[in-house]
Amino acid sequence: MKNNTIIKFTKHRFLFFALSLLVIIGGLTGLIINDGLNLGIDFEAGLSQRVQVAEQAMSVSYSGADDVVLNVINGDMVVEISNADGVDKTTLSSDEYATFDALAAKLQSFDDITVSVTRGNVSSSNIATGLGLPFTLSSVPTVVNAANSGTENFITIDEVRDALSALSGSLQVQIVGDDYLQEFQIRVATESEGTKEDLEAQIFNLVEDSFGTDNVIVKQSDYVGPKFSNLLTYRSIIMVVVALALIMAYIWIRFQFSSALAAIAALTHDILIMIGFIAVFRLEVTTTTIAAVLTIIGYSLNDTIVVFDRIRENTKLLRGTKFEKVVNISITQSLSRTLITSFTTLLAVLPLFIFTKGAIQLFALNLIVGIVVGTYSSIFIASPVLLALTNARLKRKAKHLGKDPEAILAEEVEVNASTDSSSVVKEIEIASAQRKLKGKRKK
Amino acid sequence: MSKRGRLIVVLLVLAVCGYFLYPTISWYTFVPQETKELATGSKEQIKEYARGQAAQDLRELKDLVKSNPEAQLPSEFSFMKGIAKDNYKASDLKVPGSWTIANVMNGFANEQKFFDALEQYYRSDLLDMKNFRGKALQLGLDLSGGMSILLEADKEAYEEKLERSVSDAEVAVAVQQDLEILNNRIDQFGLTEPELRLQGTRQILVEIPGAADPERVNSFLKGKGSLAFHIVDDESTTQLNDYYISNPAEKYNNDGSLRTPEFIAPGRIVLGVYSADAYGIDEEIGASVLYEEVGLDGVHIIEALTSTDPITGRPTVNFQLDSSGGEIFYKLTSTNTNKRLAVVMDKKIKAQATISEAIRNSVRMSGFSSDQAADLAIVLKTAALPISLDVANQQAVGASLGEDSVRQGLNAIAVGFVLVILFMLFYYRRAGLVADTVLILNLIIITAVLSAFNLTLTLTSIAGIILTVGMAVDANVIIFERIKEEYRLGKSAEASVKAGFKKAFWTIMDANITTFIAALVLAQLGTGGVKGFANTLAVGIITSMFTALFVSRLVFDFFVQKVKINKLRISWRIK
């Protein structure tokens, strides 16, 4: 950036305003068309299902006339045969019948029970239990599963996630207990239509498709509420309002009321564009999305204030210069800083976008969009809005007093400079500013 | 401030950071995995482990003595030597010349004492480690997983309380209220970033990062209703204890609860007296007979303040009563002077004290552990749970982001960080080195502060750190660009640095204060992830201002004033 060129950022300001407005309207239209945001399970109720991938160990069928129930109590298999004579209960302790082969042999000894063993040498203490218990035996074979016990080559969380990729709602998969047990907590937002049973069946079938029929057991299945209850949502709204009000107050005190308005306008601009982007591309909204939006609020605010600070300083230094020129000089002077800061922040976030996937990648994407928009708005929205507001104010005042708008500005600066006793004003070296201007004239 | 003074400030800050970072660094790098697992277990597990280890050691040593009476003490038990030596000296015995196992054992009054010493060795080691872990930076649910606890509403107790049958819909409403109260309460407990959800209509699912103490979870489920004051029937108590001593077999029912002998008059109840043992676990130390009629219900307690008894140094709880509670309590204490008063919590007598005079508004009781006292104070401050909750199920869950993604994410963050460092070095040359130094310093301070305040690191707080890194770089960029401008005008290096910092000062202050305001509001009103983000951001803003305006300045001043560098290497174009 050469010292002596001033880029006229504000010249086509209405063009940029129109462009931003267009993007915002586009985003909001997308929001309406897509029927709101794609809320993740942090915000929506959903189904929580715990499944275990445990291979089939044996299957048991019964062809007799009695009622035979198979149960697992404290890891031991219990066979209950009830008929007109009463109930006959036998416990097959896993100490006594240490393998599935032994269990099967014992089961075979009951009348009319047939067992087909697939993993006979597996220890019977690995018997897996789920929602299906207790089993009522019939001629249709009942599958008994055994949990994985090898601590190597077990199914990973990513494989489960891949298996469930066909689900439409937002998805969360967590490992439950020791990882080799292959037990997973699956949470799906219930935006997809259909009953709870449909969704349960859908999850179950997808997992079975990937890891084998009869190899999956459901351990628990329930509706869960959102993490963010209504109270929390309500609190968040209050929070944002309070934060914005305080920020406005601070900028008003340190700068001017029009600066406060312009900063808030730029901030709103950034948030609206981000929400539009998230809505149009159906990005999942999670707690991290909120963090990303908040980050961008902080970032954009920071960016805007730095430029405003330069404008404030230059208004005093370059008395008698048209405000529009002051604004352009200020943006130009802080341009290299704006670009370098945006670039370094992007440098920090880009690897996150490139090298990760899922929630973290989404988070990085939100940040990247936000940084680009935030940088754009601090150059093309915040300061031009400030210019428009100041011009309107000066014109109003000028009309009222019958003076020239520029003269009013000069007067205001004069008054501020004399009342402002802070060291900033005094310390500014007029000489350097003049030298700067001279340099300009030389060219 | 002189440069030396400023340097001292910077070094002091670094020293404080080192102090707070020490647990985090050693926990994540030096503590062996096995110890970590043991230390993250519940106190009960630690107790079991310590006892088991001590018993095993004792057997091993006894076997060694049996096979060779002159066997020397194995070196891993040398810590027992010191204790034995002290014991010998304390009882005026001659300290033996050689430390055979037999000699060491003789240094203890009996085998139990020897066992206790062994147990204490294991216990204090693990409890210290557990404590240590509490001081290390915690990773959130999304990054490292934690504990999932399913709470279930106790419908029967609710019906008993309301003295009528309740519909499922009523239970659902009460559970919903419970959820809101728990949300509030958990925040105050300082449990870091838990997640709560309604599950079905009667259950609440709580997820807590790290390995949560089941005891801790239990403590925040309790409510005001679980606390009551009862008058002790001293005569029956003496009778009861005599009876228990002479008939040990009659003390407990099969389920382990205390048995009420027939001679106890109706209208009296037998309850165990509990005290926290060395592990902080409630241990039964006796039994008392109380009048069943509640002297004062816990609902009358407005506040519970914790303090330390100036004489005994034990934690005490000072209960403040509301006005009607004060009336009841005054009547109770004036008619029962010289009798004993018991504080009953969850059917356990936590404290007993003799009433010396009639009391109206506040009662001070000791007998709680300091953790219990603090938890109690919080529970009493928040609303009571309409329907009581029991832990139905509890298990460990993995990171919600997935272990692999977390690893990728952390690597990516490291790559990004290195890129920023390299870019600054490339673009600002020697001055970039200053920026990089303060950037790293910044990260160190943030991590130290996060550890010191026991904050949890989640994906959202990492976002806060990224923003902070951005802002810290930004502050330096603003300063450098200003210095460059001044330098281009032909000023000396020293004057450019001075003017650059001066002009950048308010720019940086204004930009950071506005963001800081946003962060403070979010930290106050936000919950969960938002709060974590805001906390990190707030901390980061302060540290980045400190590092940019104070540390960078010091480095620049040092080079231009002391080293007398008169050429600033701040960009490629200025030579």
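1. In this predicted model, B:Arg429 is found in helix H14 of chain B, and although the residue is not a glycine, its phi is positive, at about 50°. B:Arg429 has 15 C-beta neighbours inside 10 Å, and it therefore counts as partly exposed.

2. The contact as a whole takes 65 residues from chain B and 67 residues from chain A. By class, the residues on the side of chain B that touches chain A divide into 35 nonpolar, 20 polar and ten charged.

3. A positive phi at an arginine is also found in chain A, where A:Arg282, again not a glycine, has a value of about 55°. A:Arg282 lies in the loop that runs between helix H6 (257–280) and strand E13 (284–285) of chain A. Because A:Arg282 has 11 C-beta neighbours inside 10 Å, and the cut-off for an exposed residue is 12 or fewer, A:Arg282 counts as exposed.

4. Chain A is divided into three parts, of which domain 1 covers 13–42 + 229–442, domain 2 covers 47–51 + 151–224, and domain 3 covers 56–146. The centres of domain 2 and domain 3 of chain A, taken over C-alpha atoms, are separated by 26 Å. Their contact takes seven residues from domain 2 of chain A and seven residues from domain 3 of chain A. On the side of domain 2 of chain A that touches domain 3 of chain A, there are two nonpolar, three polar and two charged residues.

5. Strand E3 of chain A, residues 55–62, is largely enclosed by the rest of the structure, because six of its eight residues are buried. E3(A) pairs in the antiparallel sense with strand E9 (residues 142–146) of chain A over five bridges, and in E9(A) the bridge partner of A:Ser59 is A:Val143. E3(A) also pairs in the antiparallel sense with strand E7 (residues 113–117) of chain A, over five bridges, and here the bridge partner of A:Met58 in E7(A) is A:Val117.

6. Four strands of chain A form an open sheet, with antiparallel pairing and the order E6-E5-E4-E8. Strand E6 (86–92) and strand E8 (135–136) of chain A are the edge strands, each of which pairs on one side only. Within this sheet, strand E4 (residues 67–73) and strand E5 (residues 76–83) of chain A pair in the antiparallel sense over seven bridges, and the bridge partner of A:Asp67 in E5(A) is A:Ser82.

7. A last point concerns a residue of chain B, B:Ile301, which is found in strand E9 (residues 301–308) of chain B. B:Ile301 has 23 other C-beta atoms within 10 Å, and is therefore buried. The C-alpha atoms of B:Ile301 and B:Asp234 are separated by 26 Å, the two residues being 67 residues apart along the chain.

Notes. Residues numbered from 1 in each chain as written. Chains lettered and ligands numbered in written order. Predicted model: local features only at pLDDT ≥ 70, side-chain atom pairs only at ≥ 80, totals over all residues. Pairing = 2+ DSSP bridges. Helix = DSSP H or I, 4+ residues; strand = E, 2+ residues; numbered from the N terminus. Domains from an automatic or database assignment. Contact = placed C-beta atoms within 7 Å. Nonpolar A, V, L, I, M, F, W, Y, C, P; charged D, E, K, R; others polar. Buried ≥ 20, exposed ≤ 12 C-beta atoms within 10 Å, placed from the backbone.
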